[in-house]
Amino acid sequence: MDVKSMKYHLYWLYCQFELITCSYLMEPWEKLLFYTFNVTMLAMFLYTAYIFVPVRISTAFRFFLRFFGGQQENAVSIVK
């Protein structure tokens, strides 16, 4: 894929995004606020997923491991 068609494709995707969100009707300052809010929400969602999802998966894995024959830790193995 050459640069010109990639550039055209990205522009087409941007136009589709504007049509779906109706942001083509907004004034420039409204677009700025709208895009800033959306990018901020996306960044917060990705950060939260990066921080909390691995912990939750690890906890769930340990929980289900107990049912499928995983060994239980006892007080002696924790002390050592």
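Mentor: What follows takes each label and sets it against its rule.

Mentor: This is a predicted model, in which local features need pLDDT of at least 70, side-chain atom pairs count only at pLDDT 80 or more, and totals for chains, interfaces and linings use all residues. Residues are numbered from 1 along each chain as its sequence is written, and side-chain values use heavy atoms, with hydrogens and water left out.

Trainee: How many helices and strands does the chain have, and what counts as one?

Mentor: Three helices and zero strands. Along the sequence the pattern reads α-α-α.

Trainee: Why are α1 and α2 called roughly perpendicular?

Mentor: Helix α1 covers residues 3-21 and helix α2 residues 28-67; their axes come within 14 Å and cross at roughly 95 degrees. Axes are lines fitted to C-alpha atoms, for helices over the stretch in contact, with angles from 0 to 180 degrees between N-to-C directions. Under 35 degrees is roughly parallel, over 145 roughly antiparallel, 65 to 115 roughly perpendicular, and the rest oblique. The pair is therefore roughly perpendicular.

Trainee: Which residues make the contact?

Mentor: Tyr14, Phe17, Glu18 and Thr21 from α1, with Lys31, Phe34 and Tyr35 from α2. Contact means heavy atoms within 4.5 Å. By class there are four nonpolar, one polar and two charged residues. Nonpolar covers Ala, Val, Leu, Ile, Met, Phe, Trp, Tyr, Cys and Pro; charged covers Asp, Glu, Lys and Arg; the others, Gly among them, are polar.

Trainee: What makes Glu18 buried?

Mentor: Glu18 lies in helix α1. Its relative accessible area is 11%. Buried means under 20%, exposed over 50%, partly exposed in between, with a 1.4 Å probe and protein chains only. So Glu18 is buried. Of the 80 residues of the chain, 4% count as buried.

Trainee: Which side chains does the Glu18 side chain meet in polar contacts?

Mentor: That of Lys31, at 2.8 Å, and that of Tyr35, at 3.5 Å. A polar contact is a pair of N or O atoms within 3.5 Å; within protein, one must be able to donate a hydrogen and the other to accept it, and residues adjacent in sequence count only if both atoms are side-chain atoms. Glu18 and Lys31 are 13 residues apart in sequence and 9.9 Å apart in space, C-alpha to C-alpha.

Trainee: Why is the pair of Phe34 and Tyr35 called tilted?

Mentor: A search of the whole structure finds three aromatic pairs. In this one the ring centres are 5.7 Å apart and the planes at 50 degrees, so the pair is tilted. Rings of Phe, Tyr and Trp (its six-membered ring) pair if their centres lie within 6.5 Å; planes under 30 degrees apart are stacked, over 60 edge-to-face, the rest tilted. Phe63 and Phe64 are edge-to-face, at 5.2 Å and 75 degrees. Ring pairs also link Phe17, Phe34 and Tyr35 into a cluster.

Trainee: Are Phe63 and Phe64 buried, exposed or partly exposed?

Mentor: Phe63 has 38% relative accessibility, so it is partly exposed. Phe64, at 46%, is partly exposed.

Conventions:
Helices (H or I, at least four residues) and strands (E, at least two) are DSSP runs, numbered from the N terminus.
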